[in-house]
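The points are grouped by topic.

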Amino acid sequence: SAGSGDLPPDIWEKVKNHPCYSEEAHHHFARMHVAVAPACNIQCNYCNRKYDCANESRPGVVSERLTPEQAAKKVVAVASTIPQMTVLGIAGPGDPLANPAKTFKTFELISKTAPDIKLCLSTNGLALPEHIDTIAKYNVDHVTITINMVDPEVGAKIYPWIFYNHKRIEGVEAARILSEHQLRGLEMLTERGILCKVNSVMIPGINDQHLVEVNKAVKSRGAFLHNIMPLISAPEHGTVFGLNGQRGPSAQELKALQDACEGEMNMMRHCRQCRADAVGLLGEDRSAEFTTDKIMDMEVNYDI
Ligand code: SF4
Ligand code: SF4
């Protein structure tokens, strides 16, 4: 099915053991996220900052924030308890690249203590171009960029502002800069052979028709998967659109859009929109077994 065996062979070789990219692997290999990145450099209309980043994570969840040292210890603790642990991702609770010192310190520690674990990160892409070399230096295996538009006029309805060059920038100009950085960052990563997945949040009446164009733009720049996720619009999730009466798509609308894009490239349909501190196989969440107080009490062979 889509997102697994129909990928080109060279890419399939790289992702077949990755629980998020292979529907087969997600029964056998585990992943974890560590929430080391609290700040964000943009505002998405559907995000409430009380909760984890709504681009890669399940809305309405507050993950336990860790320091890079706590995160590295947690990775070793989890890997010694769950031997199928193959992938470590940083996806929030804000934007990993808006917290570069914390994100890269975490990667540095983990590459020393658990060199076999694959690293990944998710970002809104604003700060991507300036961090490409560091991402390559830490051997980051794959990057997810959330791209909701390639037209700044559409973008202005999704992003009220960005924070860039020490300034808050609003409106169409903000969306233009964001889009330029996202697409340039995507090109720079794929040129270096770093796998890139694109996430898009489908927002009815705002970008639903436009996502077919986004699909073409990201495919032509080398993204290997496009993951279209529904806006989860519910006041209890704190989505701002939700509070304004913006609805999410129906299952049929989501499927129709995914089908419209299917001929264009591989679509990912089994993403679970995990928590920023998810632990375990994809269908399960063992994060409660690995809270900071429990990890700090665990006897793990951890020495940096
Ligand atoms: Fe929220 Fe993530 Fe958007 Fe930042 S990038 S505003 S954390 S959804
Ligand atoms: Fe994988 Fe999606 Fe969960 Fe990330 S949010 S770990 S891509 S299933």
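Leaving aside neighbours within four places in sequence, Leu183 is in contact with Ile147, Val150 and Arg221. The structure is a predicted model. Its chain has 304 residues, of which 57% are buried, and its secondary structure comprises 10 helices and 10 strands. Among contacts in the chain with a separation of 6 or more, 74% join residues 24 or more positions apart.

**Leu183 and helix α6**

- Leu183 is located in helix α6, which covers residues 171–191.
- Leu183 counts as buried because its relative accessibility is 13%, and the limit for buried is under 20%.
- Along the chain, Leu183 and Arg221 are 38 residues apart, while 7.5 Å separates their C-alpha atoms.

**Helix α7 and the residue after it**

- Helix α7 runs over residues 211–220, and its buried residues are Leu211, Val214, Asn215, Ala217 and Val218.
- Lys219 also belongs to helix α7.
- With a relative accessibility of 39%, Lys219 is classed as partly exposed, since that class lies between the 20% limit for buried and the 50% limit for exposed.
- Lys219 is 21 residues from Val198 in sequence, and the C-alpha to C-alpha distance between them is 9.3 Å.
- Gly222 follows α7 and has a positive phi, near 100 degrees.

**Nonpolar cores**

- The largest nonpolar core contains 50 residues. Within this core, Val34, Val75, Leu88, Phe107, Ile135, Val143 and Leu189 have the most contacts.
- A separate core of 21 residues lies apart from it, and includes Ile42, Ile169, Ile206 and Met229.
- Which residues does Val143 contact, leaving aside its neighbours within four places in sequence? They are Leu121, Thr123, Ile135, Leu189, Ile194, Leu195, Cys196 and Lys197.

**Packing of helices α2 and α3**

- Two packed helices are described by the angle between their axes and the distance between the axes.
- For helix α2 (residues 68–81) and helix α3 (residues 100–113), the angle is about 35 degrees and the axes are 9 Å apart.
- The crossing in which α2 passes α3 is right-handed.
- On the α2 side, the contact is made by Pro68, Glu69, Ala71, Ala72, Val75 and Val76. On the α3 side, the partners are Lys102, Lys105, Thr106, Leu109, Ile110 and Thr113.
- By class, the residues of this contact of α2 with α3 comprise 7 nonpolar, 2 polar and 3 charged.
- Val75 takes part in this helix contact and is also listed among the residues with the most contacts inside the largest nonpolar core.

- Most residues other than glycine have a negative phi, and most peptide bonds are trans.
- Asn139, which is not a glycine, has a positive phi near 60 degrees. Asn139 is placed in the loop between α4 (128–137) and β5 (142–146).
- Asn139 counts as exposed because its relative accessibility is 64%, and the limit for exposed is over 50%.
- Asn165 likewise has a positive phi, of about 55 degrees, although it is not a glycine. The loop that holds Asn165 lies between β6 (161–164) and β7 (167–170).

Key:
Residues are numbered from 1 along each chain as its sequence is written. Chains are lettered from A and ligands numbered from 1 in the order in which they are written. This is a predicted model: local features need pLDDT of at least 70, side-chain atom pairs count only at pLDDT 80 or more; totals for chains, interfaces and linings use all residues. Side-chain values use heavy atoms; hydrogens and water are left out. Axes are lines fitted to C-alpha atoms, for helices over the stretch in contact, and angles run from 0 to 180 degrees between N-to-C directions. Helices (H or I, at least four residues) and strands (E, at least two) are DSSP runs, numbered from the N terminus. A crossing is left-handed if the near helix is turned anticlockwise from the far one by less than a right angle, and right-handed if clockwise. Contact means heavy atoms within 4.5 Å. Ala, Val, Leu, Ile, Met, Phe, Trp, Tyr, Cys and Pro count as nonpolar, Asp, Glu, Lys and Arg as charged, and the others, Gly among them, as polar. Buried means under 20% relative accessible area, exposed over 50%, partly exposed in between (1.4 Å probe, protein chains only). A nonpolar core is a set of buried Ala, Val, Leu, Ile, Met, Phe, Trp, Tyr and Cys residues joined through side-chain atoms within 4.5 Å.
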